[in-house]
Amino acid sequence: MALVLILQLLSLFPPASYSKPWLGVQPAAVVTPGVNVTLRCRAPQVAWRFALFKPGETGPLLFRDVSSELAEFFLEEVTLAQGGSYCCSYRRPDWKPGVWSQPSDELELLVTEQLPRPSLVALPGPVVARGANVSLRCAGRVRGMSFALYREGVAAPLQFRDSAQRWADFPLPGARAPGTYSCYYHTPSAPYVLSQRSEPLVISSEDSGSSDYTRGNLVRLGLAGLVLISLGALVAFDWRSQKRAPGGAGP
């Protein structure tokens, strides 16, 4: 929305017949500070001039004059401030002065030392019914990441998943699901950017609750039995003591 307002203010907004270009990024849309980034604007036809825009700026950031369908914009040693949304437009020499194509879809460039912590939830829930399976969903805030699932007590990742979405699902067989899990995600290729681990998630089974209840009852019954036996022993000892007392007091 902000980009459309910029183009309108600059009298650059063209008729809808001028097809929008496509904007891509290399090496990745998520990078650490100091990495060189290339934004590639590809037009559906041979163009004469390309422009790179960033919402919030008063005008185009960069121009490229090339007689081609592709223009590259270089961002050297990117900083945290250069993260954000970008888009591009193009124009041909036979178009009216000041007329540009529709802007490309916005591209989100994330420049960060560490990705935000993901969330981990159980589907349909953290308590697994007998004979049922469960799926753990690790969800981040960036698309196209690689995800890893960990289980407490196991050093190596339990499962890996690459996903075009902001999340990845890890199916688990219900019989072996109970345990404590966590996950994280990272960029699928170098330079790697990692997230923090998710908060731990405890998966339990319905049987474990009932067995715990049964074990608790058995423990309580055992303790009650020990108390009764102890009381019985004390009563017997007291009775024997009283029975011997007259004989011990005689001449």
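Figure 1. The structure, which is a predicted model, holds five aromatic pairs. One of them joins Phe 147 and Tyr 185, whose rings are stacked, with 5.6 Å from centre to centre and 25 degrees between the planes. Because Phe 147 belongs to strand β10 and Tyr 185 to strand β13, this pair ties together parts of the chain that are 38 residues apart in sequence. Both Phe 147 and Tyr 185 are buried. The rings of Tyr 150 and Tyr 184 have their centres 6.0 Å apart and their planes at 35 degrees, so this pair is tilted. Here, too, distant parts of the chain are linked, since Tyr 150 is in strand β10 and Tyr 184 in strand β13, 34 residues apart. With a relative accessibility of 11%, Tyr 150 counts as buried, and Tyr 184, at 16%, also counts as buried.

**Figure 2. The open sheet that contains strands β10 and β13.** Five strands make up this open sheet, in the order β8-β14-β13-β10-β11, and their pairing is mixed. At the edges lie β8 (127-128) and β11 (159-162), each of which pairs on one side only. Within the sheet, strand β10 (residues 146-151) runs antiparallel to strand β13 (residues 179-186), and the two pair over six bridges. Tyr 150 stands opposite Ser 182 in β13.

**Figure 3. A cluster of aromatic rings.** Phe 50, Tyr 90 and Trp 95 are linked into a cluster by ring pairs.

**Figure 4. The largest pocket and its lining.** The largest pocket has a computed volume of about 380 Å³. Its lining is made up of 15 residues, of which Ala 29, Val 30, Glu 108, Val 142 and Arg 143 are the closest to the centre of the pocket. By kind, the lining residues divide into 10 nonpolar, one polar and four charged. Strand β6 (residues 107-111) gives the most to this lining, contributing three residues.

Figure 5. Thr 32 is found in the loop that runs between β2 (30-31) and β3 (37-53). Although placed in a loop, Thr 32 counts as buried, because its relative accessibility is 18% and the cut-off for a buried residue is under 20%. When neighbours within four places in sequence are left aside, the residues in contact with Thr 32 are Val 78, Val 111, Thr 112, Tyr 192 and Val 193.

Note on methods
Residues are numbered from 1 along each chain as its sequence is written. This is a predicted model: local features need pLDDT of at least 70, side-chain atom pairs count only at pLDDT 80 or more; totals for chains, interfaces and linings use all residues. Side-chain values use heavy atoms; hydrogens and water are left out. Helices (H or I, at least four residues) and strands (E, at least two) are DSSP runs, numbered from the N terminus. Buried means under 20% relative accessible area, exposed over 50%, partly exposed in between (1.4 Å probe, protein chains only). Contact means heavy atoms within 4.5 Å. On a 1 Å grid over the protein atoms alone, a cavity is a set of points where a 1.4 Å probe fits but cannot get out, and a pocket is an open set with protein on both sides within 12 Å along at least five of seven lines; lining residues have an atom within 4 Å of a point. Grid points are joined across faces, edges and corners, and a volume is the space filled by probe spheres set on the points. Ala, Val, Leu, Ile, Met, Phe, Trp, Tyr, Cys and Pro count as nonpolar, Asp, Glu, Lys and Arg as charged, and the others, Gly among them, as polar. Two strands pair if DSSP finds at least two bridges between them. Rings of Phe, Tyr and Trp (its six-membered ring) pair if their centres lie within 6.5 Å; planes under 30 degrees apart count as stacked, over 60 as edge-to-face and the rest as tilted.
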